[in-house]
Amino acid sequence: MESSPILIVDDEPSYLELLKGLLQQEGYTNVLTEQNPLNVLPLLQRTDIDLILLDVYMPQMNGLDLLEKVYSEYPSLPVIIVTAVNEVQIALKAIKLGAYEFITKPPDTDRLFLTIKRALSRKLLESERDSLRKTVTEYKPEQRIFSDIITDDHTVYKVFELVEIFAPTSETVLIAGETGTGKDMIARKIHDLSPRRNNPFVAVNLASISSSLFESELFGYKKGTFTGATEDKIGYFEAANGGTIFLDEISEIPMSLQGKLLRTIQYNEIYRIGDPKPINLDIRIISATNKDLLDAVHKKEFRADLYYRLNRGYIYLPPLRKRGDDVIILAEHFLEVGNKTYNRNVLGFSDNVLASLRKYKFPGNVRELENIILNAVVKTSNEDYINEIDIPEEYLVRYEKSSHTAKLISIDDALEDHIKSVMKSVGNSVQKAAPILGVSERTLQRRLKAIRDKE
């Protein structure tokens with residue numbers, strides 16, 4: 001059934017023979033056993049192994065120490081911990097070190113065989129993924145499907161590479177990044193590049209679900225379960241069967257449901273509320289967060305085992321302020337969108353606006369920039385360029401150079417002084433001042449009114 005052997009490591013000879021016999025009955029004929037964990041690393045150097053079943057407490061060496069050494073040299077080799085010790089801390093440490101699964105003795109054979117099957121399938125997929133990784137060493141974004149994601153930044157190109165690496169697999173992916181960085185777009189790209197592309201993509205914003213409705217929205221319920229349940233309800237997971245479910249703001253899922261989500265990932269099945277029968281699923285889970293989930297784990301606000309299950313593949317989206325000239329490239333893109341949407345013909349941005357956009361930190365990232373530019377386009381009338389007048393003053397800053405140092409001042413204040421100076425030089429004629437300031441008479445009148453209101 002497999003090209004390379006499964007290795008069982010346990011200090012009890014009788015258990016080795018028992019487990020070896022069970023595996024052979026299941027069709028895994030190529031099985032090796034080892035009582036001494038100190039012999040495992042030398043064995044791996046001379047023999048290709050597909051999977052290891054590993055005990056924890058052995059006299060010669062602790063299984064977790066061996067697990068750490070194995071993964072330092074063979075990171076793609078799946079290891080399933082099978083031990084008589086049922087301790088949460090041991091299980092969490094094993095998962096953190098990279099164990100594929102933690103199973104207690106005596107193992108449920110159905111669960112054991114299912115876990116072995118999934119682990120071997122994952123190893124095969126990772127082998128294919130490694131082959132794919134070698135083909136993307138010279139990345140050319142113009143040849144990819146990411147043309148609707150506007151960027152010229154190498155860190156975003158790296159994100160595209162990861163999308164192509166993770167997409168062909170069925171492993172979970174966790175996308176991290178600040179609000180407005182485009183995590184939903186990346187999740188969709190993973191789905192569109194995957195073998196599931198023709199099946200449902202169901203996006204769920206967990207932050208928008210009230211705490212009392214979480215379970216019924218995600219998993220559904222059976223008719224008659226409670227007052228008002230007049231018919232069976234399909235939850236988001238069941239609706240995504242065969243495809244991908246995208247769990248946005250995963251940190252918002254209540255602790256009380258995290259165990260149920262973990263079980264869904266482990267066994268590919270759900271239970272509707274009020275229904276004792278499981279519903280088998282074929283589903284891929286992608287999640288996203290704008291929070292530090294590992295910090296939430298340390299604070300016991302998020303289950304560690306669930307964190308590691310959701311994080312088989314990890315993608316970090318950089319904030320806009322870290323993407324170099326992407327701010328200006330995106331601003332020009334949104335300017336084109338605004339011209340088409342609002343029937344304008346704005347040609348570009350004034351130098352001061354461009355400088356301000358480069359300086360601003362954009363806590364709301366791309367979404368905030370889009371809102372700023374589209375609002376500015378709406379406010380223009382007969383102007384060729386977006387000027388400081390069209391941009392909210394909190395976004396406007398500039399450098400005023402002195403003989404010794406450069407100091408940041410508000411462009412709003414400087415602009416008002418400049419307008420007053422120009423108006424004075426032309427005898428307070430709006431008709432004469434507007435061309436000098438590069439704005440329409442209507443815009444200048446609006447600005448003069450705002451100045452008078454402030455005074």
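1. The largest nonpolar core of this predicted model holds 33 residues, and L206, F237, L247, I250, L261 and F302 have the most contacts inside it. A nonpolar core here is a set of buried Ala, Val, Leu, Ile, Met, Phe, Trp, Tyr and Cys residues joined through side-chain atoms within 4.5 Å; buried means under 20% relative accessible area, exposed over 50%, and partly exposed in between (1.4 Å probe, protein chains only). Among the elements giving two or more residues to this core are β7 (201-205), α10 (255-267) and α12 (304-310). The largest share, 5 residues, comes from α12. Helices (H or I, at least four residues) and strands (E, at least two) are DSSP runs, numbered from the N terminus.

2. A second, separate core has 25 residues, including V9, I49, Y71 and A91.

3. Beyond its neighbours within four places in sequence, L206 is in contact (heavy atoms within 4.5 Å) with residues including F214, L218, L247 and I250.

4. Q35 sits in the loop between β2 (31-34) and α2 (40-46). Q35 is partly exposed, at 38% relative accessible area. Leaving aside neighbours within four places in sequence, Q35 is in contact with D10, D11, P13, L16 and Q60. From Q35 to I8 the C-alpha to C-alpha distance is 8.5 Å, with the two 27 residues apart in sequence.

5. On method: residues are numbered from 1 along each chain as its sequence is written, and side-chain values use heavy atoms, with hydrogens and water left out. Because the model is predicted, local features need pLDDT of at least 70 and side-chain atom pairs count only at pLDDT 80 or more, while totals for chains, interfaces and linings use all residues.
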